[in-house]
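My notebook for today is open. I went through one protein model and wrote down what I looked up.

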Amino acid sequence: MKNIIAFAGSNSKNSINKQLATYAANLVSNVEVIVLDLNDFELPLYGIDYEVEHGIPDNAHKFLDLIKSTDGIVLSLAEHNGAYATVFKNIFDWMSRIDGKLWSGKPMLLMATSPGGRGGATVLEIAKGRFSYMGGNIVADFSLPFFMDNFSDDKIVNQDLNEELIGKTTLLSKAL
Ligand SMILES: Cc1cc2nc3c(=O)[nH]c(=O)nc-3n(C[C@H](O)[C@H](O)[C@H](O)COP(=O)(O)O)c2cc1C
């Protein structure tokens with residue numbers, strides 16, 4: 001059976017993006033879903049001086065190995081001040097020091113959500129623009145606005161948005 005990893009670009013214990021990523025990944029049929037949490041891959045803040053002195057930390061290698069050994073990726077990015085949350089940018093930077101094409105061509109459903117009406121659209125656009133230079137293979141993207149209104153009891157409660165997401169997970173499923 002194929003497997004996919006699902007994770008959020010967030011280190012919040014109650015991450016709304018982790019909730020969305022988990023929900024979306026479980027909509028993909030006939031795959032084993034492995035939900036990852038960036039809190040389990042703590043890393044020092046990236047800096048060239050640290051890297052020269054200590055090398056690249058094991059957790060960056062471990063996370064990259066998980067990407068390389070999966071069949072597909074469901075990632076939902078938190079938006080902080082119109083950009084990646086620090087914890088995501090940090091692991092992204094560390095992994096890019098090992099392999100500039102870190103996403104390794106793995107089919108990806110890329111998402112973002114936020115409590116606001118833009119649903120993390122700004123960070124989603126940044127990632128869509130950047131990942132393609134870094135081995136990214138984004139087969140579908142999805143933004144969920146007004147998370148608190150549209151997501152409840154571990155699922156999307158707005159029918160139109162739910163159907164849109166189901167369509168996107170089908171695209172991922174076909175690409176695996
Ligand atoms: C420092 C900071 C900056 C934020 N900036 C944005 C923003 O630019 N756009 C947005 O939609 N939400 C913003 N938010 C709200 C986040 O979308 C919200 O905290 C959300 O829960 C983050 O996702 P997470 O729960 O998966 O960590 C910000 C939150 C913080 C703490």
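I started with Ser104, which is partly exposed because it has 16 other C-beta atoms within 10 Å. The cut-offs I used: 20 or more other C-beta atoms within 10 Å of a residue's own means buried, 12 or fewer means exposed, and in between is partly exposed, with C-beta atoms placed from the backbone. Ser104 sits in the loop between helix H4 (86-98) and E6. Its phi is positive, about 60°, although Ser104 is not a glycine.

Two reminders to myself. This is a predicted model, where local features need pLDDT of at least 70, side-chain atom pairs count only at pLDDT 80 or more, and totals for chains, interfaces and linings use all residues. Residues are numbered from 1 along each chain as its sequence is written.

Next I looked up Asn30, another non-glycine with a positive phi, about 55°. I found Asn30 in the loop between H1 and E2. Is Asn30 buried or exposed? Asn30 is exposed, as I counted 8 other C-beta atoms within 10 Å.

Then the whole protein. I noted seven helices and nine strands; these are DSSP runs numbered from the N terminus, helices (H or I) of at least four residues and strands (E) of at least two. Buried residues make up 39% of the 176 residues.

Strand E6 got its own page. How many residues of strand E6 (residues 107-113) are buried? Seven of the seven are, so E6 is largely enclosed by the rest of the structure. Pro107, Leu109, Met111 and Thr113 point one way from E6, while Met108, Leu110 and Ala112 point the other way.

Strands pair if DSSP finds at least two bridges between them. E6 pairs in the parallel sense with strand E3 (residues 72-77) over five bridges, and Leu77 stands opposite Ala112. With strand E7 (residues 137-144), E6 pairs in the parallel sense over seven bridges; there, Leu109 has Ala140 as its bridge partner.

Strand E1 (residues 2-9) came next: six of its eight residues are buried, so E1 is largely enclosed by the rest of the structure. Five bridges join E1 to strand E2 (residues 31-35), and the two run parallel.

For the core, I used this rule: buried Ala, Val, Leu, Ile, Met, Phe, Trp, Tyr and Cys residues joined through C-beta atoms within 7 Å. The largest nonpolar core has 48 residues, and Ala21, Ile91 and Met111 touch the most other members. Leaving aside neighbours within four places in sequence, Ile91 is in contact (C-beta atoms, placed from the backbone, within 7 Å) with Leu38, Phe41, Leu43, Ala60 and Phe63.

How values were computed: Two residues are in contact if their C-beta atoms, placed from the backbone, lie within 7 Å.
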